[in-house]
Amino acid sequence: MKLALAALVATLTGTNAFMAPATTYGRGTVTSAAHSTSSAEGDRRTFLGQSAASTLALTAATSLGLPSAASAAASQQWEKVPIPFSDTVFAIDFDSPTHGYIVGARGSFAETNDGGSTWEPRSFSNLDAEEEITYRFQVVSFKDGEGWVLGKPTLLLHTKDGGKSWERIPLSPKLPGEPTGVLATGPNAAEMITSSGAVYTTTNAGRNWKAQVKETIDATLNRVSSSGVSGASYFTGSIVNEQRDSNGAYLAVSSRGNFFLTWEPGQDFWIPHNRGTPRRIQNMGFVRGDIKNGLWMTLNGGKLLVSPGNADLNAEEFPFEEANIKTGGYGITDVAWRTENEVWAVGGSNTMYVSRDNGKNFVFDKSANDIPGNLYNVKFFKEFGNMGWALGSSGLLLKYKGETSA
């Protein structure tokens with residue numbers, strides 16, 4: 001399951017900005033979240049006007065006769081699906097092979113009843129039109145007809161009838177941090193995480209929430225010596241890109257991108273880990289949706305690292321290995337495993353890459369090569385025939401169609 005996306009927008013709009021697709025929850029994975037307020041078009045213009053250093057690097061590569069990603073394109077395995085809005089798409093989820101929802105910026109909300117071939121605009125009856133457009137809907141999660149939508153400024157909505165009606169769920173202003181992700185787990189049940197690392201569960205449709213972690217991340221790191229993890233001691237701030245694997249373990253990155261943390265059910269506190277590189281972390285996630293299979297990490301400059309499985313979760317560092325992926329310096333915003341060996345990575349300027357050897361080597365895919373914008377999220381629904389979706393700026397939604405001739 002995945003939960004949430006938008007700090008990624010920040011990374012694409014500045015060479016030193018941290019970026020991560022907000023929160024991701026895992027059934028397989030529910031992705032979402034938008035931490036940036038920039039418009040999609042503004043993101044694209046800023047991204048295309050990257051730093052002089054990046055430009056020089058690309059120019060140097062060209063002068064050396066290195067093949068560009070476009071020239072090396074060998075596949076086109078995704079197709080664009082029209083949707084009824086042109087704002088950034090932040091999250092997608094299905095509760096059956098045919099029924100699903102997408103949410104996005106400026107109150108964007110759409111539903112499909114044919115497996116995503118067509119999408120119809122929807123609105124919330126308990127929000128008037130002027131109010132709805134002020135929200136950035138960053139998370140949507142469904143299970144067996146029951147669903148949750150999380151927006152920013154903080155807004156939590158719940159449905160028990162497949163989205164026909166929605167109830168606004170009040171949240172305490174005393175919550176540590178802002179809610180960044182929510183996951184439907186069963187009848188009247190859900191799990192929620194905040195930007196301070198607080199994890200809560202409810203079994204009565206959000207009327208009461210029970211804490212799963214004893215204290216917030218900053219409280220833990222300021223109480224316990226974390227001198228072995230760079231940037232962790234005396235930490236103040238928040239976490240971003242909170243992601244949940246299929247068994248309830250969490251992964252998060254410090255807002256400065258200088259270390260990351262993990263938490264598993266039953267642990268009292270989050271555990272900090274070194275990034276093992278001087279480059280800032282852009283985004284992180286789980287290999288095949290399970291922390292036991294390993295982690296992946298993207299860094300500034302278009303780098304992608306993957307760790308082996310069964311790593312020691314109490315260790316200060318993970319044994320990451322760099323993947324062979326030629327991005328030309330464009331940042332990688334998300335990575336997802338479609339099968340045991342087929343892996344997809346997406347990023348700035350709508351770049352897409354595929355690996356056939358479990359993330360060791362990647363080649364370019366030209367599906368979105370001629371579409372302006374940035375891709376922020378890629379997701380596969382293994383429980384529904386392994387259908388895949390890629391989400392991006394300017395109302396971009398791509399559907400996986402599989403191998404075709406180049």
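Colleague: Let me begin with a place in the chain: in which loop is Ala-205 found?

Modeller: Ala-205 is found in the loop between β14 and β15, and please keep in mind that what we are looking at is a predicted model. The residue has a positive phi of about 60° although it is not a glycine.

Colleague: What makes Ala-205 count as buried or exposed?

Modeller: The relative accessibility of Ala-205 is 1%, and buried means under 20%, so Ala-205 counts as buried.

Colleague: How do you know whether Asp-144 counts as buried or exposed?

Modeller: Asp-144 lies in the loop between β8 (136-143) and β9, and its phi is near 55°, a positive value in a residue other than glycine. Its relative accessibility is 68%, and exposed means over 50%, so Asp-144 counts as exposed.

Colleague: What is the peptide bond from Lys-152 to Pro-153, cis or trans?

Modeller: That bond is cis, with omega near 0°, and Pro-153 is found in the loop between β9 and β10 (155-159).

Colleague: What makes β12 and β14 partners of β13?

Modeller: Two strands pair if at least two bridges are found between them. Strand β12 (residues 179-186) is joined to β13 by 6 bridges and runs antiparallel to it, and one of the bridge partners is Ile-193 in β13, which belongs to Gly-181. On the other hand, β13 and strand β14 (residues 199-202) pair over 4 bridges, again in the antiparallel sense, and here Ala-190 has Thr-202 in β14 as its bridge partner.

Colleague: How many residues lie between the strands in these two hairpins?

Modeller: In the hairpin of β12 and β13 there are 2 residues between the strands, and Asn-188 in the turn has a positive phi of about 60°. The hairpin of β13 and β14 has 4 residues between the strands, and in it Gly-197 takes a positive phi near 85°.

Colleague: Turning to the rings, how many aromatic pairs does the structure hold, and why is the pair of Trp-148 and Trp-209 called edge-to-face?

Modeller: The structure holds 26 aromatic pairs. For Trp-148 and Trp-209, the ring centres are 6.2 Å apart and the planes stand at 65°; rings pair if their centres lie within 6.5 Å, and planes over 60 degrees apart count as edge-to-face, so this pair is edge-to-face. The pair also links distant parts of the chain, with Trp-148 in strand β9 (residues 146-152) and Trp-209 in the loop between β14 and β15 (210-211), 61 residues apart.

Colleague: What makes the burial labels of these two residues what they are?

Modeller: Trp-148 has a relative accessible area of 0% and is buried, whereas Trp-209, with 21%, is partly exposed, and the cut-off for buried is under 20%.

Colleague: Why is the pair of Phe-260 and Phe-320 called edge-to-face?

Modeller: The ring centres of Phe-260 and Phe-320 are 6.2 Å apart and their planes stand at 75°, so the pair is edge-to-face. Phe-260 lies in strand β18 (residues 259-263) and Phe-320 in the loop between β22 (303-306) and β23 (321-322), so the pair ties together parts that are 60 residues apart in sequence. Phe-260 is buried, and so is Phe-320.

Colleague: Which residues touch the most other members of the largest nonpolar core?

Modeller: That core has 16 residues, and those touching the most other members are Phe-260, Ile-281, Met-284, Leu-295, Met-297 and Phe-320. The elements that give two or more residues to this core are β17 (250-254), β20 (281-286) and β21 (295-299).

How values were computed
Residues numbered from 1 in each chain as written. Predicted model: local features only at pLDDT ≥ 70, side-chain atom pairs only at ≥ 80, totals over all residues. Heavy atoms only, no water. Phe/Tyr/Trp six-rings, centres within 6.5 Å; stacked < 30°, edge-to-face > 60°. Buried < 20%, exposed > 50% of the residue type's maximum accessible area, 1.4 Å probe, protein only. Core = buried A, V, L, I, M, F, W, Y, C linked by side-chain atoms within 4.5 Å.
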